[in-house]
Amino acid sequence: MSKGERTKTKSQSARDKIKAQQAAQRARDKRRRIVTYTTAGVVAVAAVGLGWWYAASTSRSEEALGALAPIAVQSDGTAVMAQNGVTGPVVDIYEDFQCPACKELERVSGQTFKNLAAEGKAKVVYHPITIFSQDPTRANSVRAGSASRCVADGKQWMAFHDLLFENQPPETEQGFLPDQLKQWGKEAGVDTPGFDQCVTSNKNADAQLAYSKKVTEEQKLDHTPTVKLNGTEIDNQVLFSPSQLRDEITEAAK
């Protein structure tokens, strides 16, 4: 091999070595990027997981702690649930039996209201109203609200109240029909004299609409559910988070 050839071979070897080093560096850089992306992904997943856990923990519905607090059905169609002697804090629940968001509130936080009343930490007042203006939702709501006014016993009223939400019809369909309402009355144990006739005749429809108009104007309601704590509306984020809801109401009781 001539001197020129040996020099050329050395130069080629040096270039190959440099290329190999550069390739190795690129491979290391790639591995670092993959590790970085993977780590970031793990952190992101962990953050999402933590957020889900927090959301789940705050939105988890409470279990029934025992017997309900005494419930008194009022002449205006409302129902007051409180232990004897408890006058506050006052929680006013404005709800429409046909309102899907009201159904969800009952599902998520309904037991919290009941438990707080049973614990003597709140006076809870239920206001069944009709907020819809067009049929079939308006007519459905009126029939349900009117039927609830046919129940005299507080415990039976609450059982009927819960069944109405559980069996809420779609907003686009006719529902809360007399035969259905009478059947749910039986399931709730309603024994008020004349209940079936009261439901069939829709006897309290005018009273339901009159009270709805009155309270909507007085309370400046534009949506249901609306829940007020001592006259101040509770934020929806708190309303649909049983643990936060409990904290806010119990704090007001201090």
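The largest cavity of this predicted model is lined by I93, E95, C102, L105, E106, S109, G110, F113 and Y126. A cavity here is a set of points, on a 1 Å grid over the protein atoms alone, where a 1.4 Å probe fits but cannot get out, and lining residues have an atom within 4 Å of a point. β3 (90-95) and α2 are the elements that give two or more residues to this lining. Helices (H or I, at least four residues) and strands (E, at least two) are DSSP runs, numbered from the N terminus. The largest share, six residues, comes from α2. Sorted by class, the lining of the largest cavity holds five nonpolar, two polar and two charged residues. In this sorting, Ala, Val, Leu, Ile, Met, Phe, Trp, Tyr, Cys and Pro count as nonpolar, Asp, Glu, Lys and Arg as charged, and the others, Gly among them, as polar.

The volume of the largest cavity is about 40 Å³. A volume is the space filled by probe spheres set on the points, with grid points joined across faces, edges and corners. In total, the structure holds two cavities of 30 Å³ or more. By class, the lining of the second largest cavity has three nonpolar, two polar and one charged residues.

As for the reading of the model, residues are numbered from 1 along each chain as its sequence is written, and side-chain values use heavy atoms, with hydrogens and water left out. Since this is a predicted model, local features need pLDDT of at least 70 and side-chain atom pairs count only at pLDDT 80 or more, while totals for chains, interfaces and linings use all residues.

Two packed helices are described by the angle between their axes and the distance between the axes. Axes are lines fitted to C-alpha atoms, for helices over the stretch in contact, and angles run from 0 to 180 degrees between N-to-C directions. Helix α2 (residues 100-118) packs with helix α4 (residues 154-166) at an angle of about 150°, their axes being 9 Å apart. The two helices are therefore roughly antiparallel; angles under 35 degrees count as roughly parallel, over 145 as roughly antiparallel, 65 to 115 as roughly perpendicular and the rest as oblique. The crossing of α2 and α4 is left-handed, a term used if the near helix is turned anticlockwise from the far one by less than a right angle, with right-handed used if clockwise. On the α2 side, C102, K103, E106 and K114 meet M158, H161, D162, F165 and E166 of α4, where contact means heavy atoms within 4.5 Å. The residues of this contact divide into three nonpolar, one polar and five charged.

A further partner of α2 is helix α9 (residues 242-252), packed at an angle of about 30° with the axes 9 Å apart. These two helices are therefore roughly parallel to each other, and their crossing is right-handed. From α2, the residues V108, S109, T112, F113, N115 and L116 meet P242, L245, R246, I249 and T250 in α9. By class, this contact has six nonpolar, four polar and one charged residues.

R138, V142, G145 and S146 of α3 make the contact with A205, Q208 and L209 of α7. Three nonpolar, three polar and one charged residues take part.

Some details of the backbone complete the picture. Most residues other than glycine have a negative phi, and most peptide bonds are trans. The peptide bond from G88 to P89, however, is cis, with omega near -5°, and P89 is placed in the loop between β2 (79-81) and β3. The bond from D135 to P136 is cis too, with omega near 10°; P136 lies in the loop between β4 (123-128) and α3. F176, a residue other than glycine, has a positive phi, near 50°, and its place is in the loop between α4 and α5 (178-187).

Key:
1 Å grid on protein atoms, 1.4 Å probe; cavity = no way out; pocket = protein on both sides within 12 Å on 5 of 7 lines; lining within 4 Å.
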